[in-house]
Amino acid sequence: DSVYRCILWRKTGNKRLCFQNSQNGKIPPPKSILEKFMMPKYERTIKEVSGASLQKDFLTLEEQEGSVNFKFGVIYAHTGQECDDEMFSNKTGTPIFDNFLRLLGETVKLLGWEHFKGGLDNRNNATGTHSVYTVFEGHEIMFHVSTMLPYSEEDRQQLERKRHVGNDIVVIIFIDGEDDEAYQTALNFNPKVV
């Protein structure tokens, strides 16, 4: 079976579809593809576009429109830490935090890393030596883990760490503790500080 990825561009927005076809390598006719999009009866003539340069342009457009890779931040916090400077100043986590990271993905060595880097340096270890990486439903995810990013003794605000985590679309804050104080820390946290 061949797998086809389709994008239907319309004024109302784009729809994406992935389907298998067992017609011995033959590309399905455009009308049958539109039926898979659950389109109402289409009256206009459908024309297949098969030019290599146009296909390349469409692939570029698809890559720009629908990112398949993501950068998620992970901040380690001790119980009672409420401001970003305190959280970003943690040099290491605890074994419980390490277990949590293993749930998220695999710890990878950045030097020479050939998959999605999420803005991390894979040539000089300028952004740390390791990170956490996973693939979920075909999407590559690189986690910017605060304790794995470079720590600077001179920088009280840890701006290099904040530069990565602060630009992520999702930030997970792991608060290490099981008591009421950890719960209160979570309640008092203000995401604007990141």
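The legends below describe close-up views of a predicted model. Local features need pLDDT of at least 70, and side-chain atom pairs count only at pLDDT 80 or more, while totals for chains, interfaces and linings use all residues. Residues are numbered from 1 along each chain as its sequence is written, and side-chain values use heavy atoms, with hydrogens and water left out.

**View 1**
Helices (H or I, at least four residues) and strands (E, at least two) are DSSP runs numbered from the N terminus. Two strands pair if DSSP finds at least two bridges between them. β3 and β6 run parallel and are joined by six bridges; F70 stands opposite I141 of β6. β3 also pairs with β7 in the parallel sense, over seven bridges. There, G73 has V171 of β7 as its bridge partner.

**View 1. The two faces of helix α4.**
Buried means under 20% relative accessible area, exposed over 50%, and partly exposed in between (1.4 Å probe, protein chains only). In α4 (residues 95-104), the buried residues are F97, L101 and L104. Seen down the axis of α4, they fall within an arc of 50°, so they line one face of the helix; the arc is that of the directions from the helix axis to the C-beta atoms. The face turned away from the buried side carries the exposed residues P95, R102 and L103. The cover over the buried residues includes β3, β5 (130-136), β6 (139-145) and β7 (170-176), where contact means heavy atoms within 4.5 Å.

**View 2. Aromatic pairs around Y76 and F97.**
Rings of Phe, Tyr and Trp (its six-membered ring) pair if their centres lie within 6.5 Å; planes under 30 degrees apart count as stacked, over 60 as edge-to-face and the rest as tilted. The structure holds seven aromatic pairs. One of them, Y76 with F97, is tilted, at 4.8 Å centre to centre and 55° between the planes. Y76 lies in strand β3 and F97 in helix α4, so the pair ties together parts that are 21 residues apart in sequence. Y76 is buried, at 0% relative accessible area, and F97 is buried at 0% relative accessibility. Ring pairs link Y76, F97, F100 and F174 into a cluster.

Q81 lies in the loop between β3 (69-78) and α3 (84-88). Q81 is buried, with a relative accessible area of 12%. A polar atom of its side chain lies 3.3 Å from the backbone oxygen of E86.

Technical notes. Polar contact = N/O pair within 3.5 Å; in protein donor to acceptor, adjacent residues only side chain to side chain.
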